[in-house]
Amino acid sequence: MKPQKLYQQVEQALSEEIAEGIHKPGEALPPERDLMERFGVGRPSIREALFSLSKRGLIELGSGRRPRVVEPNFDIVLGEIDVLARLALRKEDNLFHLMELRRILECALVRKLALEATPEQISELKERLDENVAALGDLQRFWRTDSEFHKTIARMSGNPLLPTIVEAILKWLIDNRKVTLAMPGSAERAMKHHQTIYNAISARQPDAADQAMATHLISVEERIRASFSVGA
(Lines give C-alpha, C1' and ligand atoms only; values in the text may rest on other atoms or scores of the structure.)
Protein backbone atom coordinates (compact mmCIF):
# COMPACT_ATOMS: atom_id res chain seq x y z
CA MET A 1 0.00 0.00 0.00
CA LYS A 2 1.35 3.41 -0.96
CA PRO A 3 2.08 5.70 2.00
CA GLN A 4 -0.29 8.64 2.40
CA LYS A 5 0.83 12.05 1.29
CA LEU A 6 1.07 14.71 3.98
CA TYR A 7 -2.12 16.47 2.94
CA GLN A 8 -3.98 13.13 2.97
CA GLN A 9 -2.90 12.51 6.55
CA VAL A 10 -4.22 15.94 7.55
CA GLU A 11 -7.44 15.40 5.60
CA GLN A 12 -8.06 12.02 7.22
CA ALA A 13 -7.45 13.35 10.73
CA LEU A 14 -9.75 16.34 10.25
CA SER A 15 -12.50 14.30 8.56
CA GLU A 16 -12.47 11.83 11.47
CA GLU A 17 -12.72 14.70 13.95
CA ILE A 18 -15.67 16.13 12.01
CA ALA A 19 -17.37 12.72 12.04
CA GLU A 20 -16.78 12.41 15.80
CA GLY A 21 -18.29 15.85 16.44
CA ILE A 22 -15.07 17.47 17.63
CA HIS A 23 -15.66 20.13 14.96
CA LYS A 24 -19.41 20.75 14.91
CA PRO A 25 -21.56 21.97 11.98
CA GLY A 26 -21.27 25.72 11.58
CA GLU A 27 -18.04 25.94 13.57
CA ALA A 28 -14.82 27.22 12.06
CA LEU A 29 -11.78 24.96 11.88
CA PRO A 30 -8.61 26.12 13.67
CA PRO A 31 -6.47 28.73 11.87
CA GLU A 32 -4.05 27.46 9.24
CA ARG A 33 -1.05 28.34 11.42
CA ASP A 34 -2.40 26.23 14.29
CA LEU A 35 -2.97 23.30 11.92
CA MET A 36 0.55 23.67 10.52
CA GLU A 37 2.03 23.50 14.01
CA ARG A 38 -0.18 20.61 15.07
CA PHE A 39 0.55 18.41 12.04
CA GLY A 40 4.10 19.59 11.43
CA VAL A 41 3.47 20.38 7.76
CA GLY A 42 3.66 23.45 5.55
CA ARG A 43 0.85 25.71 4.41
CA PRO A 44 0.50 24.02 0.97
CA SER A 45 -0.31 20.66 2.61
CA ILE A 46 -2.88 22.28 4.91
CA ARG A 47 -4.55 24.11 2.03
CA GLU A 48 -4.64 20.99 -0.13
CA ALA A 49 -6.24 19.05 2.73
CA LEU A 50 -8.85 21.78 3.23
CA PHE A 51 -9.57 21.93 -0.50
CA SER A 52 -10.10 18.16 -0.55
CA LEU A 53 -12.45 18.33 2.45
CA SER A 54 -14.37 21.07 0.66
CA LYS A 55 -14.71 18.94 -2.50
CA ARG A 56 -16.12 16.15 -0.34
CA GLY A 57 -18.75 18.55 1.02
CA LEU A 58 -17.50 18.41 4.61
CA ILE A 59 -16.40 22.03 4.95
CA GLU A 60 -17.13 25.33 3.26
CA LEU A 61 -14.29 27.58 2.14
CA GLY A 62 -14.76 31.34 2.08
CA SER A 63 -12.57 34.28 1.19
CA GLY A 64 -11.24 36.07 4.25
CA ARG A 65 -12.60 33.63 6.82
CA ARG A 66 -11.71 30.27 8.27
CA PRO A 67 -13.27 27.12 6.78
CA ARG A 68 -16.53 26.08 8.44
CA VAL A 69 -17.97 22.62 8.94
CA VAL A 70 -21.02 22.01 6.75
CA GLU A 71 -24.37 20.86 8.16
CA PRO A 72 -24.51 17.14 7.27
CA ASN A 73 -27.13 15.75 4.90
CA PHE A 74 -27.64 12.59 2.88
CA ASP A 75 -26.85 14.31 -0.42
CA ILE A 76 -23.28 14.63 0.86
CA VAL A 77 -23.22 11.02 2.08
CA LEU A 78 -24.41 9.62 -1.25
CA GLY A 79 -22.12 11.96 -3.15
CA GLU A 80 -19.20 10.48 -1.22
CA ILE A 81 -19.97 6.97 -2.52
CA ASP A 82 -21.08 7.98 -6.03
CA VAL A 83 -17.90 6.93 -7.83
CA LEU A 84 -17.61 3.68 -5.88
CA ALA A 85 -21.25 2.86 -6.61
CA ARG A 86 -20.74 3.37 -10.34
CA LEU A 87 -17.68 1.13 -10.28
CA ALA A 88 -19.52 -1.56 -8.31
CA LEU A 89 -22.42 -1.51 -10.78
CA ARG A 90 -20.14 -2.60 -13.60
CA LYS A 91 -20.52 -6.03 -12.05
CA GLU A 92 -23.77 -7.55 -13.26
CA ASP A 93 -24.72 -9.14 -9.93
CA ASN A 94 -24.40 -5.82 -8.10
CA LEU A 95 -26.55 -4.11 -10.72
CA PHE A 96 -29.41 -6.56 -10.26
CA HIS A 97 -29.11 -6.40 -6.46
CA LEU A 98 -29.56 -2.62 -6.73
CA MET A 99 -32.58 -3.02 -9.00
CA GLU A 100 -34.13 -5.42 -6.49
CA LEU A 101 -33.56 -2.84 -3.76
CA ARG A 102 -35.20 -0.21 -5.95
CA ARG A 103 -38.23 -2.44 -6.49
CA ILE A 104 -38.67 -3.12 -2.76
CA LEU A 105 -38.36 0.58 -1.96
CA GLU A 106 -40.61 1.98 -4.67
CA CYS A 107 -43.34 -0.62 -4.15
CA ALA A 108 -43.48 0.43 -0.50
CA LEU A 109 -43.58 4.09 -1.54
CA VAL A 110 -46.59 3.75 -3.84
CA ARG A 111 -48.41 1.65 -1.24
CA LYS A 112 -47.87 4.44 1.30
CA LEU A 113 -48.92 7.10 -1.19
CA ALA A 114 -52.13 5.26 -2.11
CA LEU A 115 -53.07 5.30 1.58
CA GLU A 116 -51.93 8.80 2.51
CA ALA A 117 -51.79 11.07 -0.57
CA THR A 118 -53.61 14.39 -0.37
CA PRO A 119 -55.77 15.58 -3.29
CA GLU A 120 -53.06 18.13 -4.06
CA GLN A 121 -50.41 15.41 -4.25
CA ILE A 122 -52.55 13.29 -6.55
CA SER A 123 -53.06 16.33 -8.77
CA GLU A 124 -49.31 17.00 -8.86
CA LEU A 125 -48.56 13.37 -9.70
CA LYS A 126 -51.06 13.61 -12.57
CA GLU A 127 -49.10 16.59 -13.89
CA ARG A 128 -45.87 14.54 -13.84
CA LEU A 129 -47.68 11.71 -15.63
CA ASP A 130 -49.04 14.08 -18.29
CA GLU A 131 -45.53 15.45 -18.87
CA ASN A 132 -44.26 11.90 -19.32
CA VAL A 133 -47.02 11.08 -21.81
CA ALA A 134 -46.33 14.29 -23.75
CA ALA A 135 -42.63 13.37 -23.99
CA LEU A 136 -43.22 10.21 -26.03
CA GLY A 137 -41.14 10.40 -29.19
CA ASP A 138 -38.41 12.50 -27.56
CA LEU A 139 -36.10 10.04 -25.82
CA GLN A 140 -34.07 12.57 -23.81
CA ARG A 141 -37.18 14.34 -22.59
CA PHE A 142 -38.91 11.03 -21.89
CA TRP A 143 -36.27 9.64 -19.54
CA ARG A 144 -36.14 13.00 -17.70
CA THR A 145 -39.91 13.01 -17.16
CA ASP A 146 -39.76 9.30 -16.29
CA SER A 147 -37.27 10.13 -13.53
CA GLU A 148 -39.40 13.05 -12.31
CA PHE A 149 -42.43 10.77 -11.99
CA HIS A 150 -40.50 8.38 -9.72
CA LYS A 151 -38.78 11.15 -7.74
CA THR A 152 -42.12 12.88 -7.13
CA ILE A 153 -43.53 9.69 -5.61
CA ALA A 154 -40.51 9.48 -3.29
CA ARG A 155 -40.75 13.14 -2.29
CA MET A 156 -44.43 12.77 -1.42
CA SER A 157 -43.55 10.17 1.22
CA GLY A 158 -42.72 13.03 3.58
CA ASN A 159 -39.42 11.36 4.53
CA PRO A 160 -36.58 13.63 3.34
CA LEU A 161 -34.16 10.69 3.00
CA LEU A 162 -36.25 8.78 0.47
CA PRO A 163 -36.11 11.21 -2.49
CA THR A 164 -32.36 11.50 -1.99
CA ILE A 165 -31.97 7.72 -2.07
CA VAL A 166 -34.29 7.25 -5.05
CA GLU A 167 -32.56 10.03 -6.98
CA ALA A 168 -29.16 8.43 -6.29
CA ILE A 169 -30.38 5.03 -7.50
CA LEU A 170 -31.82 6.57 -10.67
CA LYS A 171 -28.54 8.38 -11.26
CA TRP A 172 -26.52 5.19 -10.82
CA LEU A 173 -28.81 3.34 -13.24
CA ILE A 174 -28.99 6.13 -15.82
CA ASP A 175 -26.84 4.45 -18.48
CA ASN A 176 -28.83 1.21 -18.27
CA ARG A 177 -32.14 3.08 -18.29
CA LYS A 178 -31.18 5.04 -21.40
CA VAL A 179 -30.30 1.81 -23.22
CA THR A 180 -33.55 0.08 -22.29
CA LEU A 181 -35.77 3.09 -23.06
CA ALA A 182 -34.23 3.19 -26.54
CA MET A 183 -35.47 -0.36 -27.21
CA PRO A 184 -38.53 -0.49 -29.53
CA GLY A 185 -41.76 -0.13 -27.55
CA SER A 186 -40.01 0.41 -24.20
CA ALA A 187 -41.03 4.03 -23.70
CA GLU A 188 -44.65 3.29 -24.57
CA ARG A 189 -44.67 0.34 -22.15
CA ALA A 190 -43.14 2.43 -19.36
CA MET A 191 -45.67 5.21 -19.91
CA LYS A 192 -48.59 2.75 -19.70
CA HIS A 193 -47.13 1.33 -16.49
CA HIS A 194 -46.94 4.86 -15.07
CA GLN A 195 -50.59 5.37 -15.94
CA THR A 196 -51.53 2.15 -14.13
CA ILE A 197 -49.50 3.20 -11.08
CA TYR A 198 -51.16 6.61 -11.02
CA ASN A 199 -54.65 5.13 -11.44
CA ALA A 200 -54.12 2.81 -8.46
CA ILE A 201 -52.81 5.63 -6.27
CA SER A 202 -55.63 8.00 -7.20
CA ALA A 203 -58.17 5.22 -6.56
CA ARG A 204 -56.66 4.64 -3.08
CA GLN A 205 -55.80 1.02 -3.87
CA PRO A 206 -52.48 0.20 -2.13
CA ASP A 207 -52.35 -3.45 -3.26
CA ALA A 208 -52.95 -2.47 -6.88
CA ALA A 209 -50.36 0.32 -6.66
CA ASP A 210 -47.80 -2.09 -5.20
CA GLN A 211 -48.47 -4.63 -7.95
CA ALA A 212 -48.37 -1.99 -10.69
CA MET A 213 -44.99 -0.70 -9.55
CA ALA A 214 -43.63 -4.25 -9.22
CA THR A 215 -44.81 -5.06 -12.76
CA HIS A 216 -43.19 -1.89 -14.06
CA LEU A 217 -39.80 -2.41 -12.42
CA ILE A 218 -39.66 -6.14 -13.18
CA SER A 219 -40.24 -5.19 -16.82
CA VAL A 220 -37.33 -2.74 -16.60
CA GLU A 221 -35.12 -5.43 -15.06
CA GLU A 222 -36.02 -7.89 -17.82
CA ARG A 223 -35.08 -5.38 -20.52
CA ILE A 224 -31.77 -4.66 -18.80
CA ARG A 225 -31.06 -8.41 -18.64
CA ALA A 226 -31.91 -8.62 -22.34
CA SER A 227 -29.46 -5.81 -23.09
CA PHE A 228 -26.71 -7.77 -21.32
CA SER A 229 -27.55 -10.86 -23.38
CA VAL A 230 -27.30 -8.88 -26.60
CA GLY A 231 -23.96 -7.43 -25.56
CA ALA A 232 -22.54 -10.78 -24.46
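**Salt bridges and helices**

Tutor: Happy to! Let's begin with E60, which counts as partly exposed at 43% relative accessibility. Keep in mind that this is a predicted model.

Student: OK, and which side chain does E60 meet in a salt bridge?

Tutor: That would be R65, with an N to O distance of 3.1 Å. R65 is partly exposed too, its relative accessibility being 36%.

Student: How many salt bridges does a search of the whole structure find?

Tutor: The search turns up 17. One of them joins R43 and E32, whose closest N and O atoms are 2.7 Å apart.

Student: Where do R43 and E32 lie?

Tutor: R43 belongs to helix α3 (residues 43-55) and E32 to helix α2 (residues 32-39), so this pair ties together parts that are eleven residues apart in sequence.

Student: Nice. What does R111 pair with?

Tutor: The side chain of R111 meets that of D207 in a salt bridge, at 2.7 Å from N to O. This pair links distant parts of the chain, with R111 in helix α6 and D207 in helix α12 (residues 206-231), 96 residues apart.

Student: And how exposed are R111 and D207?

Tutor: R111 is partly exposed, with a relative accessible area of 29%, while D207 is exposed at 54%.

Student: Which residues do salt bridges with shared partners join into one network?

Tutor: That network is made up of E124, E127, R128, E131 and R155.

Student: Switching topic: how do α6 and α11 cross?

Tutor: The axes of helix α6 (residues 92-116) and helix α11 (residues 186-202) come within 8 Å and cross at roughly 40°. The two helices are therefore oblique to each other.

Student: Which residues meet there?

Tutor: From α6 you have V110, L113 and A114, and from α11 there are I197, A200 and I201. The residues of this contact divide into six nonpolar, no polar and no charged.

Student: Last one: how is the chain divided into domains?

Tutor: Domain 1 covers 6-69 and domain 2 covers 75-230. Their C-alpha centres lie 39 Å apart.

Conventions
Residues numbered from 1 in each chain as written. Predicted model: local features only at pLDDT ≥ 70, side-chain atom pairs only at ≥ 80, totals over all residues. Heavy atoms only, no water. Domains from an automatic or database assignment. Axes fitted to C-alpha atoms, helices over the stretch in contact; angles between N-to-C directions. Helix = DSSP H or I, 4+ residues; strand = E, 2+ residues; numbered from the N terminus. Parallel < 35°, antiparallel > 145°, perpendicular 65-115°, else oblique. Contact = heavy atoms within 4.5 Å. Nonpolar A, V, L, I, M, F, W, Y, C, P; charged D, E, K, R; others polar. Salt bridge = Lys/Arg side-chain N within 4 Å of Asp/Glu carboxyl O. Buried < 20%, exposed > 50% of the residue type's maximum accessible area, 1.4 Å probe, protein only.
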